[in-house]
Amino acid sequence: MIVNIAAYHFVPIDDADALVERLRGAAEAGHLRGTVLVADEGINLFLAGPAEAIHAFLDALRGDARFAGIRVKFSRSPEVPFARLKVRRKREIITFRHPETTPTETRAPALEPITLARWIERGTDDDGRRLVLLDTRNREEVRHGTFAGAMTLPIDRFTDLPAALEAERAALADATVVSFCTGGIRCEKAARWMQQNGFDRVWQLDGGILGYFEEVGGDGYDGACFVFDERVALDPALRPVGETAQGALAHAGTQAAD
């Protein structure tokens, strides 16, 4: 059985080129496949391989004090769902083009999955305020599934999100907003942008949908979660749903994995 990991971590990196080479070497040593993105703002990775090799890679990564606290989401699959290994330096680990939102020092409040599950059951936050779940993913990803009743946006790229949110400002004015995405990167940047642009009571779902599936399951979620590999989408038990990949990956693959 193959172990799949998804992780990201925002932290200032001043040796990005050297880190690319170290992480490539660590991944190649374990014959891992997948994607590792390195930028001045942090790292973002999806990798797969045998359990022993995955844990050896994580031990090496956490040996760097900057990544000692990185949160990792795990799932399993019969085969490696990536064709090859790609380790690259990028301008951002998820393209947004709003550098002021990079949460290397300050981040929006993070909501634990178990708390969100309680709020979904209540329909409000703990103060009785109306709850809006904000999907920050693109429309192709949303097609595979999202939280029941979530606000979805007519976007094809994450860079389209600010304009789409401006159109929803009045609808969100009296709500507690919980932004979410696949693994946490987009909803973290989106929540920071919203805080900085006059949206009140904004949270991010810690660990994204995959973290929610891992800790809570599918309570309040309809369908599956699109992932950027050959599994295409995972159900709340983190099992591939079995759809063929070509069309979905061709469209949604224009986004960096998150």
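Visitor: Is Val232 buried or exposed?
Guide: Val232 has 0% relative accessibility. This is a predicted model: local features need pLDDT of at least 70, side-chain atom pairs count only at pLDDT 80 or more, and totals for chains, interfaces and linings use all residues. Residues are numbered from 1 along each chain as its sequence is written, and side-chain values use heavy atoms, with hydrogens and water left out. Since buried means under 20% relative accessible area, exposed over 50% and partly exposed in between (1.4 Å probe, protein chains only), Val232 counts as buried.

Visitor: What is the phi of Val232?
Guide: Most residues other than glycine have a negative phi. Val232 sits in the loop between β12 (225–226) and β13 (233–234); helices (H or I, at least four residues) and strands (E, at least two) are DSSP runs, numbered from the N terminus. Val232 is not a glycine, yet its phi is positive, near 70°.

Visitor: Which class of accessibility does Arg201 fall into?
Guide: Arg201 belongs to the loop between α7 (185–196) and β10. Arg201 also has a positive phi, about 55°, without being a glycine. With a relative accessible area of 33%, Arg201 is partly exposed.

Visitor: In what order do the four strands of the open sheet stand?
Guide: Two strands pair if DSSP finds at least two bridges between them. In this sheet the pairing is parallel, and the order is β6-β10-β9-β7.

Visitor: Which strands have one side left without a neighbour in the sheet?
Guide: A strand with a single partner stands at an edge, so one of its sides has no neighbour in the sheet. The strands in that position are β6 (110–111) and β7 (131–135).

Visitor: What is the bridge partner of Leu111 in β10?
Guide: Strand β10 covers residues 202–205, and β6 pairs with β10 in the parallel sense over two bridges. Leu111 has as its bridge partner in β10 the residue Leu205.

Visitor: How many of the eight residues of α8 are buried?
Guide: The buried residues of α8 are Gly208, Ile209, Leu210, Gly211, Tyr212 and Phe213. α8 is followed by Gly217, with a positive phi near 100°. α8 is mostly covered, and its buried residues number six.

Visitor: What volume does the largest cavity have?
Guide: On a 1 Å grid over the protein atoms alone, a cavity is a set of points where a 1.4 Å probe fits but cannot get out; a pocket is an open set with protein on both sides within 12 Å along at least five of seven lines, and lining residues have an atom within 4 Å of a point. Grid points are joined across faces, edges and corners, and a volume is the space filled by probe spheres set on the points. The structure holds one cavity of 30 Å³ or more. The volume of the largest cavity is about 110 Å³.

Visitor: Which of the residues that line the largest cavity are the closest to its centre?
Guide: β1 (2–10), β4 (71–77) and α8 (208–215) each supply at least two lining residues. The lining divides into nine nonpolar, two polar and four charged residues, where Ala, Val, Leu, Ile, Met, Phe, Trp, Tyr, Cys and Pro count as nonpolar, Asp, Glu, Lys and Arg as charged, and the others, Gly among them, as polar. Of the 15 lining residues, the closest to the centre are Ala6, Lys73, Ser75, Leu210 and Arg231.

Visitor: Which strand gives the largest share of the lining of the second largest pocket?
Guide: The second largest pocket holds about 210 Å³ of space. Of its 13 lining residues, the closest to the centre are Tyr8, His9, Arg107, Glu188 and Asp206. By class the lining has four nonpolar, four polar and five charged residues. The largest share, three residues, comes from β1.

Visitor: What radius of gyration does the protein chain have?
Guide: The radius of gyration is taken over C-alpha atoms, and the globule rule is 2.2 Å times the number of residues to the power 0.38. For 258 residues a compact globule would come near 18 Å, and the protein chain agrees, with 18 Å.
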